[in-house]
Structure formats: structure tokens, C-alpha cells
Amino acid sequence: MTRWTEVKRHLHILRLFVKYSLMSQMEYRFNFITGIVAEVAFLIAKLLYVLLVFKTNLHIDGLSPEVILMFLGVHFVFTGIYMGFFFQNFLILGQTIRGGALDMMMTKPISLQFLVSLRHIDLGMALPNVITGVVLITKGWNASSVMWTWGTVVGFIVFLLIGVILTYCLMIIPSLLSFWLLDTSAAAEISYALWDANNMPASLYHRAIQHIGTFILPFFLITNYGPLFVLGKLSTAELIWALLAPVLFFFLIRTVWKYALRQYNSSSL
């Protein structure tokens, strides 16, 4: 089986995960609707950031409040992607490891890492954030006076794809620790705090924090580099790093995953 055939097969399986997750949620429509309502309520609370930016007329590194909307919008989009596709899977990974359910999953004829990362999908968590994010990105882009061209749109989409990979790599780290630790809640709380702090332009923070958030734990690449590319504020070195970072971090996570499986002792033994 060729690599491309394997990719297509896993994409087909991902579509099935989405389909069956949605069908399962539709069996309990009241729970699905109340879940969306609850997420919208959280979303409204998050939008207080937007009101605060405009009320204080906050300018960051020469960026107007209207342009900052693009950064906030990207953060909302990735919050939706993370909550809808990864959050629940990462949350139960520790239980899957400690309870022995991982043993049965190892017998499935697909990538184990793919299976534990994407088998539970919640579109009700994803859609409100993604839709709101797209609206904010559109408003911020229009306010920036940057033309909508094929080059900027395609480049922005590429940075969104880079962001998805980095979101996966960075947010799965606490869950991977479950192979060695019984309680990873502290690491998870740190990752959530870092995620929430990443909703504004990185230039808001001290230069040392910018370097850490760009090169060591590159959360800033997720939400900042797409808008900065559109605004023409990325240097050649930053563009190169943006292309290298997802490859390096995915390779790192993949290496740690394989090492963890070699060290794994079944809980059912």
C-alpha cells in the first residue's frame, strides 16, 4: 500500500468518525442543542476581549483594534478546532491507557495514534467558535486595507494548516505524559493557560516570552503568523521557521509516541 493510498484511507476513516459522532449526538438532540447553547454562552464571555480591545482603543505594535480582530478570530477558529476534534480525545487518553482499553485499540488495522487522537468528534463545540472566528478574521482583514488576493488567501490557509498541526502537537503533550504519570492535570492546566494567553499579538509580551512562545513552545505560530503574513510583517527567517516548526514538532511527537508504546505495559496483565 502506497503512502498516498494510506493517507486517503485515513481521511476516509476521519469522515466516518465525523459522520458517526454526529449521528450519535443526534440521538440525544436535546443534549446536543444544550451543549451548543453552553458553548455559545462561553463564547459570549470570550467576546468580552473584543469589547475590552475597542473600549480601551488598544493599539499593539502599531496594530489598530480593528486589525487585532484578525488575531482574535484566528484564536477562536483554532479553539473550535481543538475543542471539536482533539479535546475529548486527549482528555480520555490517560483513562484509555490506565484502564487497558488501549490494548484493544492496538488490534485495529489503522494507525493507533490516529485512532486515539480523532475517534471522538464534537461539532457542537467546534462550529460556534469557528463561525465566530471567521467573522472576526473577515472584519479584521477588511480593516487592515490588505487586498484579498489568491496569494494572501492561499498563504493564510497554509498558515491555518500549520496551526492545526502545531495545535495537535502542543496540546497532546500533557496526555502523552499519561504513559508515565498517574495524574497529568497540572500539565494540562498549564497548556490551557498558555492557550488562553495566545489570543493577542505576541508583541504584547516581553521579548523573552516571545522567543519562548515562538521557538520552544510555538503557540504564537498558531495564532500570530497567519495574520502577520497577511499584513506583510513576517521576515524570511520567520517564514522558514513557520514551515520547519510543524515538521519538527510532529516528528518529535511521533518519536515520543513510538517510545511510549515500547515502554507501555498493558493494564490488563
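A residue counts as exposed when its relative accessible area is over 50%. Keep that cut-off in mind as we look at this predicted model. Ser145 has a relative accessibility of 65%, so Ser145 counts as exposed. You will find Ser145 in the loop between H7 and helix H8, which covers residues 150-171. Its backbone is worth a look too: Ser145 is not a glycine, yet its phi is positive, at about 65°. For background, most residues other than glycine have a negative phi.

Asp61 sits in the loop between helix H3 (48-55) and H4. Is Asp61 buried or exposed? With a relative accessible area of 55%, Asp61 is exposed, because the cut-off for that class is over 50%.

## A tryptophan at the surface

Trp4 belongs to helix H1, which spans residues 3-26. Its relative accessible area is 57%, so Trp4 is exposed. To place Trp4 in space, take Ser175 as a landmark: Trp4 and Ser175 are 171 residues apart in sequence, and their C-alpha atoms are 29 Å apart.

## The nonpolar core

Now for the inside. The largest nonpolar core holds 67 residues, and Leu72, Phe179 and Tyr225 have the most contacts within it. Which helix gives the largest share of this core? That is helix H4 (residues 65-99), with 17 residues.

Leu72 is a handy place to start exploring. Setting aside residues up to four places away in sequence, Leu72 touches Tyr49, Val50, Val53, Leu136, Asn199 and Met200.

## H4 and its two partners

H4 packs with helix H7 (residues 123-143) at an angle of about 165°, and their axes lie 7 Å apart. That angle makes H4 roughly antiparallel to H7, because angles over 145 degrees fall in that class. The crossing of H4 and H7 is left-handed. The residues of this contact divide into 19 nonpolar, seven polar and two charged.

With H8, the picture is as follows. The axes of H4 and H8 come within 10 Å and cross at roughly 40°, and the two helices are therefore oblique to each other. Their crossing is right-handed. On the H4 side you can pick out Val74, Phe78, Ile81, Tyr82, Phe86 and Phe90. These meet Phe156, Phe159, Leu160, Gly163, Val164, Thr167, Tyr168 and Met171 of H8. By class, the contact of H4 with H8 has 12 nonpolar and two polar residues, and no charged ones.

## H2 against H7

H7 also packs with helix H2 (residues 29-46), at an angle of about 35° and with the axes 8 Å apart. H2 passes H7 in a right-handed crossing. Which residues of H2 make the contact? They are Phe32, Ile36, Glu39, Val40, Leu43 and Lys46. From H7 come Gly124, Met125, Pro128, Asn129 and Thr132. The contact of H2 with H7 is made up of six nonpolar, three polar and two charged residues.

Methods. Residues are numbered from 1 along each chain as its sequence is written. This is a predicted model: local features need pLDDT of at least 70, side-chain atom pairs count only at pLDDT 80 or more; totals for chains, interfaces and linings use all residues. Side-chain values use heavy atoms; hydrogens and water are left out. A nonpolar core is a set of buried Ala, Val, Leu, Ile, Met, Phe, Trp, Tyr and Cys residues joined through side-chain atoms within 4.5 Å. Buried means under 20% relative accessible area, exposed over 50%, partly exposed in between (1.4 Å probe, protein chains only). Helices (H or I, at least four residues) and strands (E, at least two) are DSSP runs, numbered from the N terminus. Contact means heavy atoms within 4.5 Å. Axes are lines fitted to C-alpha atoms, for helices over the stretch in contact, and angles run from 0 to 180 degrees between N-to-C directions. Angles under 35 degrees count as roughly parallel, over 145 as roughly antiparallel, 65 to 115 as roughly perpendicular and the rest as oblique. A crossing is left-handed if the near helix is turned anticlockwise from the far one by less than a right angle, and right-handed if clockwise. Ala, Val, Leu, Ile, Met, Phe, Trp, Tyr, Cys and Pro count as nonpolar, Asp, Glu, Lys and Arg as charged, and the others, Gly among them, as polar.
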